[in-house]
Amino acid sequence: MADTARDPCPGDKNAPPGPPRAPMIMTLTCLSPLPAGEGAGCGHDPPLRRPSVVVARCARPRPVRDWRTGERRLIPCGRPRCSWECRDLWAGRMSAALRRSFRVLPPTHFVRVTALDAVSVGELTRCVGRFLRRLRRRGCEYFAASEWREGRRHHHVLVRADGDLTSAVVAELWRASCRGARVTSYCRRVASVEASARYVVKDVKDGSKKEVPPAWFRGRLFSYSKGFLAEPLKVLMRAVVEEWRAQARKRTGKHQPDNSSGVSNEGTQAEAGQPRQTEQR
Ligand SMILES: [Zn+2]
(Lines give C-alpha, C1' and ligand atoms only; values in the text may rest on other atoms or scores of the structure.)
Protein backbone atom coordinates (compact mmCIF):
# COMPACT_ATOMS: atom_id res chain seq x y z
CA MET A 1 0.00 0.00 0.00
CA ALA A 2 1.51 3.29 -1.05
CA ASP A 3 1.08 6.09 1.45
CA THR A 4 3.26 8.89 0.24
CA ALA A 5 2.40 12.44 -0.71
CA ARG A 6 1.69 13.20 -4.35
CA ASP A 7 4.61 14.74 -6.24
CA PRO A 8 3.78 18.34 -7.07
CA CYS A 9 2.83 18.91 -10.72
CA PRO A 10 4.79 21.61 -12.57
CA GLY A 11 1.62 23.63 -13.07
CA ASP A 12 0.52 23.57 -9.43
CA LYS A 13 2.44 26.67 -8.38
CA ASN A 14 0.48 28.75 -10.92
CA ALA A 15 -2.86 27.44 -9.73
CA PRO A 16 -5.20 29.99 -8.08
CA PRO A 17 -5.16 29.93 -4.26
CA GLY A 18 -7.92 27.88 -2.67
CA PRO A 19 -8.64 25.50 0.17
CA PRO A 20 -6.01 22.80 0.64
CA ARG A 21 -6.79 19.71 -1.35
CA ALA A 22 -6.54 16.18 -0.06
CA PRO A 23 -3.80 14.21 -1.78
CA MET A 24 -5.36 11.77 -4.22
CA ILE A 25 -3.31 8.63 -3.79
CA MET A 26 -4.55 5.46 -5.40
CA THR A 27 -3.74 2.09 -3.86
CA LEU A 28 -4.45 -1.43 -5.01
CA THR A 29 -6.99 -3.18 -2.86
CA CYS A 30 -8.05 -6.19 -4.88
CA LEU A 31 -5.21 -8.29 -6.20
CA SER A 32 -7.23 -11.06 -7.77
CA PRO A 33 -10.47 -11.13 -9.77
CA LEU A 34 -13.73 -11.46 -7.89
CA PRO A 35 -15.40 -14.86 -7.83
CA ALA A 36 -18.46 -15.21 -10.00
CA GLY A 37 -20.82 -14.60 -7.08
CA GLU A 38 -19.52 -11.31 -5.76
CA GLY A 39 -19.56 -8.77 -8.52
CA ALA A 40 -21.86 -10.40 -11.04
CA GLY A 41 -25.09 -12.25 -11.00
CA CYS A 42 -28.39 -11.09 -9.58
CA GLY A 43 -30.42 -8.04 -10.63
CA HIS A 44 -29.12 -5.11 -8.59
CA ASP A 45 -25.60 -6.42 -8.28
CA PRO A 46 -22.56 -4.21 -8.77
CA PRO A 47 -21.65 -3.04 -12.25
CA LEU A 48 -19.28 -5.13 -14.35
CA ARG A 49 -16.71 -2.35 -14.37
CA ARG A 50 -15.29 -3.00 -10.91
CA PRO A 51 -13.10 -0.33 -9.32
CA SER A 52 -9.93 -1.92 -7.97
CA VAL A 53 -8.39 1.09 -6.25
CA VAL A 54 -9.20 3.23 -3.24
CA VAL A 55 -7.62 6.48 -2.13
CA ALA A 56 -5.22 6.41 0.80
CA ARG A 57 -6.22 9.76 2.24
CA CYS A 58 -9.64 11.31 2.77
CA ALA A 59 -11.11 12.76 -0.42
CA ARG A 60 -13.84 14.72 1.38
CA PRO A 61 -12.30 16.33 4.48
CA ARG A 62 -14.53 18.61 6.55
CA PRO A 63 -13.67 22.01 8.05
CA VAL A 64 -13.25 22.45 11.80
CA ARG A 65 -12.01 25.21 14.06
CA ASP A 66 -8.84 24.07 15.82
CA TRP A 67 -9.64 24.15 19.52
CA ARG A 68 -6.08 25.09 20.44
CA THR A 69 -5.25 27.76 17.87
CA GLY A 70 -8.77 28.79 16.76
CA GLU A 71 -7.70 28.44 13.12
CA ARG A 72 -9.79 26.73 10.48
CA ARG A 73 -8.44 23.43 9.18
CA LEU A 74 -9.63 20.26 7.48
CA ILE A 75 -9.94 16.86 9.12
CA PRO A 76 -10.78 13.48 7.52
CA CYS A 77 -14.48 12.66 7.12
CA GLY A 78 -14.14 9.25 8.81
CA ARG A 79 -16.53 7.40 6.50
CA PRO A 80 -15.44 3.76 6.29
CA ARG A 81 -15.91 3.57 2.51
CA CYS A 82 -13.97 6.79 1.78
CA SER A 83 -10.30 5.85 2.04
CA TRP A 84 -7.77 3.85 4.02
CA GLU A 85 -7.30 6.77 6.37
CA CYS A 86 -11.02 7.17 7.05
CA ARG A 87 -11.60 3.43 7.34
CA ASP A 88 -8.99 3.33 10.13
CA LEU A 89 -10.56 6.30 11.92
CA TRP A 90 -13.97 4.66 11.72
CA ALA A 91 -12.57 1.37 13.06
CA GLY A 92 -10.88 3.17 15.97
CA ARG A 93 -14.12 4.84 17.00
CA MET A 94 -16.23 1.73 16.55
CA SER A 95 -13.91 -0.47 18.58
CA ALA A 96 -13.74 2.17 21.34
CA ALA A 97 -17.56 2.28 21.44
CA LEU A 98 -17.75 -1.52 21.56
CA ARG A 99 -15.16 -1.73 24.34
CA ARG A 100 -17.14 0.83 26.31
CA SER A 101 -20.30 -1.26 25.90
CA PHE A 102 -18.43 -4.48 26.76
CA ARG A 103 -17.60 -3.15 30.23
CA VAL A 104 -21.27 -3.82 30.96
CA LEU A 105 -22.32 -6.46 28.43
CA PRO A 106 -19.33 -8.43 27.08
CA PRO A 107 -19.59 -10.93 24.22
CA THR A 108 -18.98 -14.61 24.92
CA HIS A 109 -18.18 -16.04 21.46
CA PHE A 110 -16.42 -15.01 18.27
CA VAL A 111 -17.90 -16.44 15.07
CA ARG A 112 -16.85 -16.26 11.41
CA VAL A 113 -19.09 -17.43 8.59
CA THR A 114 -17.97 -17.76 4.97
CA ALA A 115 -19.56 -19.05 1.77
CA LEU A 116 -17.15 -21.14 -0.33
CA ASP A 117 -19.41 -21.34 -3.36
CA ALA A 118 -20.03 -18.38 -5.62
CA VAL A 119 -23.08 -16.76 -3.99
CA SER A 120 -24.50 -13.49 -5.31
CA VAL A 121 -24.19 -10.37 -3.20
CA GLY A 122 -27.91 -10.25 -2.43
CA GLU A 123 -28.14 -13.96 -1.64
CA LEU A 124 -25.13 -13.80 0.71
CA THR A 125 -26.83 -10.95 2.58
CA ARG A 126 -30.01 -13.05 2.88
CA CYS A 127 -28.00 -16.08 4.10
CA VAL A 128 -26.39 -13.99 6.83
CA GLY A 129 -29.79 -12.51 7.76
CA ARG A 130 -31.24 -16.02 8.17
CA PHE A 131 -28.20 -17.08 10.22
CA LEU A 132 -28.52 -14.09 12.55
CA ARG A 133 -32.25 -14.71 13.02
CA ARG A 134 -31.46 -18.31 13.95
CA LEU A 135 -28.98 -17.05 16.55
CA ARG A 136 -31.65 -14.74 17.96
CA ARG A 137 -34.13 -17.61 18.20
CA ARG A 138 -31.58 -19.40 20.39
CA GLY A 139 -31.51 -16.38 22.70
CA CYS A 140 -28.17 -14.99 21.44
CA GLU A 141 -27.43 -11.29 21.03
CA TYR A 142 -24.98 -10.37 18.25
CA PHE A 143 -22.90 -7.76 16.47
CA ALA A 144 -22.11 -8.77 12.87
CA ALA A 145 -19.62 -7.05 10.55
CA SER A 146 -18.95 -7.57 6.85
CA GLU A 147 -15.35 -7.98 5.89
CA TRP A 148 -13.52 -8.40 2.59
CA ARG A 149 -10.50 -10.48 1.73
CA GLU A 150 -9.18 -9.82 -1.78
CA GLY A 151 -12.62 -8.61 -2.75
CA ARG A 152 -14.55 -11.55 -1.25
CA ARG A 153 -16.98 -10.86 1.55
CA HIS A 154 -17.29 -12.90 4.73
CA HIS A 155 -18.76 -12.06 8.12
CA HIS A 156 -17.51 -11.85 11.67
CA VAL A 157 -20.03 -12.05 14.50
CA LEU A 158 -19.56 -11.30 18.17
CA VAL A 159 -22.17 -13.25 20.11
CA ARG A 160 -23.42 -13.10 23.67
CA ALA A 161 -24.90 -16.50 24.41
CA ASP A 162 -26.56 -17.65 27.61
CA GLY A 163 -25.12 -21.15 27.45
CA ASP A 164 -22.36 -22.64 25.37
CA LEU A 165 -22.29 -22.13 21.64
CA THR A 166 -20.28 -24.84 19.93
CA SER A 167 -18.59 -24.90 16.54
CA ALA A 168 -20.93 -27.73 15.55
CA VAL A 169 -24.05 -25.70 16.36
CA VAL A 170 -22.75 -22.66 14.47
CA ALA A 171 -21.84 -24.84 11.47
CA GLU A 172 -25.32 -26.38 11.45
CA LEU A 173 -27.06 -22.98 11.69
CA TRP A 174 -24.88 -21.51 8.93
CA ARG A 175 -25.39 -24.50 6.62
CA ALA A 176 -29.13 -24.37 7.14
CA SER A 177 -29.11 -20.64 6.34
CA CYS A 178 -27.29 -21.10 3.03
CA ARG A 179 -29.62 -23.65 1.45
CA GLY A 180 -27.17 -26.08 -0.10
CA ALA A 181 -24.19 -23.82 -0.84
CA ARG A 182 -20.79 -25.02 0.33
CA VAL A 183 -19.91 -23.03 3.44
CA THR A 184 -17.44 -22.90 6.29
CA SER A 185 -17.59 -21.41 9.77
CA TYR A 186 -15.62 -20.92 12.94
CA CYS A 187 -16.62 -20.40 16.56
CA ARG A 188 -14.59 -19.98 19.72
CA ARG A 189 -15.08 -18.47 23.15
CA VAL A 190 -13.90 -14.89 23.51
CA ALA A 191 -10.56 -14.91 25.35
CA SER A 192 -10.00 -11.14 25.39
CA VAL A 193 -13.00 -8.83 25.24
CA GLU A 194 -10.82 -5.89 24.23
CA ALA A 195 -9.08 -7.81 21.44
CA SER A 196 -12.42 -9.07 20.12
CA ALA A 197 -13.78 -5.50 19.91
CA ARG A 198 -10.71 -4.41 17.95
CA TYR A 199 -10.60 -7.46 15.69
CA VAL A 200 -14.27 -7.48 14.66
CA VAL A 201 -13.91 -4.05 12.99
CA LYS A 202 -10.19 -4.53 12.20
CA ASP A 203 -8.93 -1.79 14.48
CA VAL A 204 -5.51 -3.41 14.23
CA LYS A 205 -2.07 -2.31 13.10
CA ASP A 206 -1.52 -5.11 10.60
CA GLY A 207 -2.50 -3.56 7.26
CA SER A 208 -2.68 -6.96 5.57
CA LYS A 209 -5.75 -7.80 7.69
CA LYS A 210 -7.73 -4.79 6.49
CA GLU A 211 -9.60 -4.01 3.32
CA VAL A 212 -11.75 -1.02 2.43
CA PRO A 213 -15.28 -2.11 1.37
CA PRO A 214 -15.56 -2.23 -2.44
CA ALA A 215 -17.08 0.90 -3.97
CA TRP A 216 -19.92 -1.09 -5.54
CA PHE A 217 -21.11 -2.50 -2.22
CA ARG A 218 -24.15 -0.58 -1.04
CA GLY A 219 -25.22 -2.86 1.80
CA ARG A 220 -24.74 -2.42 5.51
CA LEU A 221 -21.24 -2.81 6.87
CA PHE A 222 -22.47 -3.99 10.25
CA SER A 223 -25.63 -4.79 12.17
CA TYR A 224 -26.48 -5.79 15.72
CA SER A 225 -29.38 -7.16 17.70
CA LYS A 226 -31.43 -4.89 19.92
CA GLY A 227 -30.01 -6.12 23.21
CA PHE A 228 -26.35 -6.50 22.26
CA LEU A 229 -25.10 -3.02 23.17
CA ALA A 230 -25.33 -1.61 26.69
CA GLU A 231 -26.47 1.77 25.29
CA PRO A 232 -27.53 3.10 21.87
CA LEU A 233 -24.53 3.30 19.53
CA LYS A 234 -24.91 7.07 19.15
CA VAL A 235 -24.65 7.50 22.92
CA LEU A 236 -21.57 5.27 23.07
CA MET A 237 -19.93 7.16 20.20
CA ARG A 238 -20.62 10.50 21.83
CA ALA A 239 -19.14 9.26 25.10
CA VAL A 240 -16.01 8.06 23.29
CA VAL A 241 -15.50 11.47 21.67
CA GLU A 242 -16.01 13.21 25.03
CA GLU A 243 -13.51 10.90 26.66
CA TRP A 244 -10.89 11.48 23.95
CA ARG A 245 -11.51 15.21 24.02
CA ALA A 246 -11.01 15.27 27.81
CA GLN A 247 -7.78 13.32 27.42
CA ALA A 248 -6.53 15.76 24.77
CA ARG A 249 -7.39 18.73 27.02
CA LYS A 250 -5.55 17.12 29.89
CA ARG A 251 -2.47 16.59 27.75
CA THR A 252 -2.33 20.22 26.63
CA GLY A 253 -3.78 21.73 29.81
CA LYS A 254 -6.09 23.97 27.76
CA HIS A 255 -9.82 24.39 27.47
CA GLN A 256 -11.84 24.48 24.31
CA PRO A 257 -12.75 28.02 23.22
CA ASP A 258 -16.30 29.07 22.36
CA ASN A 259 -17.34 28.62 18.77
CA SER A 260 -19.24 31.45 17.19
CA SER A 261 -18.03 31.04 13.63
CA GLY A 262 -20.50 28.46 12.39
CA VAL A 263 -17.61 26.16 11.56
CA SER A 264 -17.58 22.93 13.51
CA ASN A 265 -15.52 23.46 16.63
CA GLU A 266 -14.16 19.97 16.87
CA GLY A 267 -10.58 20.21 15.78
CA THR A 268 -9.04 17.47 17.89
CA GLN A 269 -7.90 14.14 16.56
CA ALA A 270 -10.69 12.68 18.67
CA GLU A 271 -13.30 14.20 16.39
CA ALA A 272 -11.53 13.32 13.17
CA GLY A 273 -13.54 10.59 11.59
CA GLN A 274 -16.90 11.13 13.21
CA PRO A 275 -19.18 9.66 10.59
CA ARG A 276 -22.90 10.12 10.43
CA GLN A 277 -24.76 7.15 11.82
CA THR A 278 -26.41 6.17 8.55
CA GLU A 279 -23.11 6.08 6.72
CA GLN A 280 -21.46 3.61 9.01
CA ARG A 281 -23.85 0.83 8.33
ZN1 LIG B 1 -12.89 10.57 4.18
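At what angle do helix α2 and helix α3 pack, and how far apart are their axes? The views below are of a predicted model, in which local features need pLDDT of at least 70, side-chain atom pairs count only at pLDDT 80 or more, and totals for chains, interfaces and linings use all residues. Residues are numbered from 1 along each chain as its sequence is written.

**View 1. Packing of helices α2 and α3.** Helix α2 (residues 121–137) and helix α3 (residues 167–177) pack at about 135°, and their axes are 8 Å apart. Helices (H or I, at least four residues) and strands (E, at least two) are DSSP runs, numbered from the N terminus. Axes are lines fitted to C-alpha atoms, for helices over the stretch in contact, and angles run from 0 to 180 degrees between N-to-C directions. The angle makes α2 oblique to α3; angles under 35 degrees count as roughly parallel, over 145 as roughly antiparallel, 65 to 115 as roughly perpendicular and the rest as oblique. On the α2 side, the contact is made by Cys127, Arg130, Phe131, Arg134 and Leu135, and on the α3 side by Leu173, Trp174 and Ser177. Two residues are in contact if their C-beta atoms, placed from the backbone, lie within 7 Å.

**View 2. The open sheet of five strands.** The strand order is β8-β5-β7-β6-β9, with antiparallel pairing; two strands pair if DSSP finds at least two bridges between them. β8 (183–189) and β9 stand at the edges with a single partner strand each, so one side of each has no neighbour in the sheet. From one strand to the next, the twist averages 15°. Strand β5 (residues 109–115) pairs with β7 over five bridges in the antiparallel sense, and histidine 109 stands opposite valine 159 in β7. Helix α3 lies across β5 and β8, running at about 145° to β8.

**View 3. Arginine 65 in strand β3.** Arginine 65 belongs to strand β3 (residues 62–65). Arginine 65 is buried because 21 other C-beta atoms lie within 10 Å; a residue is buried if 20 or more other C-beta atoms lie within 10 Å of its own, exposed if 12 or fewer, and partly exposed in between, with C-beta atoms placed from the backbone.

**View 4. Two loop residues with positive phi.** Glutamate 150, in the loop between β6 (141–149) and β7 (152–160), has a positive phi of about 50° although it is not a glycine. Glutamate 150 is exposed, with 12 other C-beta atoms within 10 Å. Lysine 202, likewise not a glycine, has a positive phi of about 55°.
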